[in-house]
Each structure stands twice: as structure tokens, then as C-alpha cells.
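Student: I would like to work through the sheets of this model with you. Could we go one question at a time?

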Amino acid sequence: MTVSPHTVSDLMTHTAVAVGSRASYKDIVELMNQWKVSALPVLVGEGRVIGVVSEADLLPKEGNRPAATSAPGDPASMDAGKADALFAEQLMSSPAVTVHADATIAEAARIMARRHVKRLPVVDGSGLLQGVVSRGDLLKVFLRSDEEIAAEALGVLGGIEAAAGMGVQVSDGVVTLGGTLSDRSLVPLIARAVRAVEGVIDIRLDLSDRDGHDRARGAWHAAGSAE
């Protein structure tokens, strides 16, 4: 059985591309183009992350370029300070939005969504760069095979005494929990436990009581029921 990747360290890129605080505008653009990334951590000293420079930080230089028809004194359309910047320390967004290697994948995803960033520098307790994790890295959990998900889900059920009579089927990441369950009040608990398996897209029920009667079918959306 392949165990779920549970933390950022399981998915992150350990060899991260970064720049120093005095990296020039052109060097930054060239590195982004070479490595096909949209943002770079900015480092000082032995590798402490002090900021991140992204495509959005670079764009004002082009956005504030005067048009042929513009007149002197026309208002700038974008951040004038960054439009005039020459080095990473002037361009970067600081403090950097970072994550620790032992953070869960869900925590990293929430940070990215909340802060509207595509990549997170991964740092240790001293703020030193350990790697980078991207949106694409986090989505790799959904590449797990149905067989891997089913095997781990069965292992989860095996740790819950009341779920001894339940079985698992997985199709395209959607888990169907079938079999018998004497206490229906445990459905949210069991479904939440299975939902924690990385790669699970949804959970559905196909359960019967212990005597095999009153069979119930339906969809149970773990994310909505976890409140």
C-alpha cells in the first residue's frame, strides 16, 4: 500500500530556484523564463527568505511604459515605485508568504487560496529556504490510483471498530462505502476519516443495517459535512 503524502515535505521541490536581494530586473526575468516559474524567493545571508518577487511585481515596469499618444503628466496606470525598481529587494513583496515543511497539504492549499499566490517558499524554523511548493505540486495527490486510495481507505476503516462490516470501492477518486453499519450516527465520523485520505474526491454511501434491510443509498459530501 502506498501511504498518502501528508505534509508539504512529501510534495515540495527541494532544489528551489531563488535570487539574491541585489539580483537585477533582467536577471530575474531571465531566471523565470529559464525555469518556467512565476515567482522566485529572495534570499539574504545563508538562505533566509526575506520576500518573493513575482510576475505581478515585475509587470508595472511595462504597464507604466508611456504610450506614443500619452502626454507628459498623464497618471501612471500601475505601481510607480515598482515600475522604477531595478533590483529584487525593491521589487519583491515582503514579508514573504511561506510555509513549513511539516505543514499539511490542506494547510498549504488554504494559504495559497487565502493569499492568492501560486507558489510558497518552504522554510525551516529560522526562515531558511528548504524548497518550494506550487499549486501543481499539491494537485499531484489526485494522481493516486484508485487501487492506492482503496487500500488506504480500507486501512482507515480497519481502525474503526464500528466499520468492520464496511467495504470500499473507488472509481476516479470517488469512494463508495458499502456494507453494513449498525449505528448510522457514526457516518460523519467514518466519512471524515476516509476523506482524510489524499486523492479522495468525494464519498458516497451504499449501506445497509446489520440485518441487511433498509438499504440506504446516497451521496455524502465530506467537505460540507465537516463543519
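Tutor: The model is predicted. Start with the strands β4, β5 and β6: they form an open sheet with mixed pairing.

Student: In what order do the three strands of that sheet lie?

Tutor: Look at the edges. Strands β4 (99-100) and β6 (129-134) each pair on one side only. The order is β4-β5-β6.

Student: In which sense do β4 and β5 pair?

Tutor: Strand β5 covers residues 119-123. Two bridges link β4 to β5. Within this pair, Val99 stands opposite Val122 in β5. The sense is parallel.

Student: Which helix packs on this sheet?

Tutor: Look for a helix touching β4, β5 and β6. Its residues are 105-115, and its direction makes about 130 degrees with that of β5. That is helix α6.

Student: Now the sheet with β1, β2 and β3. Which strands are its edge strands?

Tutor: This sheet is open, with mixed pairing and the order β1-β2-β3. An edge strand here pairs on one side only. The edge strands are β1 (19-20) and β3 (48-54).

Student: How many bridges join β2 to β3?

Tutor: Strand β2 spans residues 39-44 and runs antiparallel to β3. Val44 stands opposite Arg48 in β3. The number of bridges is six.

Student: What angle does the direction of helix α1 make with that of β2?

Tutor: Helix α1 covers residues 25-35. It packs on the sheet and touches β1, β2 and β3. The angle with β2 is about 130 degrees.

Key:
Residues are numbered from 1 along each chain as its sequence is written. This is a predicted model: local features need pLDDT of at least 70, side-chain atom pairs count only at pLDDT 80 or more; totals for chains, interfaces and linings use all residues. Side-chain values use heavy atoms; hydrogens and water are left out. Two strands pair if DSSP finds at least two bridges between them. Helices (H or I, at least four residues) and strands (E, at least two) are DSSP runs, numbered from the N terminus. Contact means heavy atoms within 4.5 Å. Axes are lines fitted to C-alpha atoms, for helices over the stretch in contact, and angles run from 0 to 180 degrees between N-to-C directions.
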